[in-house]
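Me: I would like to go through this model with you and ask, point by point, what stands behind the terms used for it. Please set each value against its cut-off before you conclude.

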Amino acid sequence: MEDLDVVAWIQVSDGRMLAVRSRGRDLLYLPGGKREPGEDDWAALSREVREELDLELDRTSFQELGVIRAPAHDQPAYAHVRMACFTASYRGAIAPAGEVDEYVYVGRGERHLLAPAAQAALDLAQRHGLLS
């Protein structure tokens, strides 16, 4: 079984990481998703963030933090998720859009609210000194 290959945006404010809840999901995920045919990481992530949070990411600040692999949650066709994680500044006001019902900022003490890949991304952000 191959990995679900996705891109994700790590946005931290006041030492807490942004997470979203998609419609019908029990746990929180990071903004992002699968690439469409022909998309590179930047194109996929900027499109996904625009669709999910009605924001425009800034291309000049786009930077890879790392790639994580974790058990897939609520994805019966996949055993694991391979998630390339990026940071970028943004323009606009965060607002749930498309399939996203809500967004929240979570800290290390709230990791139980996150899907496994988002927990691994929280750890990655911590290793980079982004969390309080």
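Me: Among contacts in the chain between residues at least 6 apart in sequence, how many join residues at least 24 apart?

Reply: This is a predicted model, so what follows is computed from its atoms. Of the contacts between residues at least 6 apart in sequence, 67% join residues at least 24 apart.

Me: What elements does the chain have, and in which order do they run from the N terminus on?

Reply: The chain has 2 helices and 9 strands, and from the N terminus on they follow the order β-β-β-β-α-β-β-β-β-β-α.

Me: Why is the chain called as compact as a globular protein of that length?

Reply: For 132 residues the globule rule gives 14 Å, and the radius of gyration of the chain is 13 Å, which is close to that value, so the chain is as compact as a globular protein of that length. Along its principal axes, the C-alpha trace spans about 40 × 35 × 25 Å.

Me: What share of the residues is buried, and what share of the accessible surface belongs to carbon and sulfur atoms?

Reply: Buried residues, those under 20% relative accessible area, make up 45% of the 132 residues in the chain. The accessible surface comes to about 6,600 Å², and 47% of it belongs to carbon and sulfur atoms.

Me: Why is the pair of Arg-21 and Glu-102 called a salt bridge?

Reply: The cut-off is a side-chain nitrogen of Lys or Arg within 4 Å of a carboxyl oxygen of Asp or Glu. The closest N and O atoms of Arg-21 and Glu-102 are 2.6 Å apart, so the pair meets that cut-off. The pair links distant parts of the chain, with Arg-21 in strand E3 (residues 16-22) and Glu-102 in strand E9, 81 residues apart. The side chains of Glu-102 and Arg-21 also make a polar contact (2.6 Å), for which the limit is 3.5 Å.

Me: What makes Glu-102 partly exposed?

Reply: Partly exposed covers what lies between buried, under 20%, and exposed, over 50%. Glu-102 has a relative accessibility of 30%, and therefore counts as partly exposed. Arg-21, at 22%, also counts as partly exposed.

Me: With which residues is Glu-102 in contact, leaving aside its neighbours within four places in sequence?

Reply: With those neighbours left aside, Glu-102 is in contact with Ala-19, Val-20, Arg-21 and Pro-96. As for Ile-68, it is 34 residues from Glu-102 in sequence and 24 Å from it in space, C-alpha to C-alpha.

Me: How do you know that Asp-5 and Arg-35 meet in a salt bridge, and what does the pair tie together?

Reply: Their side chains come to 2.8 Å, N to O, and since the cut-off is 4 Å, the pair therefore counts as a salt bridge. Asp-5 lies in strand E1 (residues 4-9) and Arg-35 in the loop between strand E4 (32-34) and helix H1 (41-53), so the pair ties together parts that are 30 residues apart in sequence. Asp-5 is partly exposed at 34%, and Arg-35 is partly exposed at 25%.

Me: How many salt bridges are there by this rule, and which residues are linked in a network?

Reply: The count comes to 14 salt bridges. One of the pairs is Arg-50 with Glu-56, with 3.0 Å between the closest N and O atoms. Glu-36, Glu-39, Arg-47, Glu-48 and Glu-51 are linked in a network of salt bridges.

Terms used. Residues numbered from 1 in each chain as written. Predicted model: local features only at pLDDT ≥ 70, side-chain atom pairs only at ≥ 80, totals over all residues. Heavy atoms only, no water. Buried < 20%, exposed > 50% of the residue type's maximum accessible area, 1.4 Å probe, protein only. Contact = heavy atoms within 4.5 Å. Polar contact = N/O pair within 3.5 Å; in protein donor to acceptor, adjacent residues only side chain to side chain. Helix = DSSP H or I, 4+ residues; strand = E, 2+ residues; numbered from the N terminus. Rg over C-alpha atoms; globule rule 2.2 N^0.38 Å. Areas by Shrake-Rupley, 256 points an atom, 1.4 Å probe, with all protein chains shown as cover.
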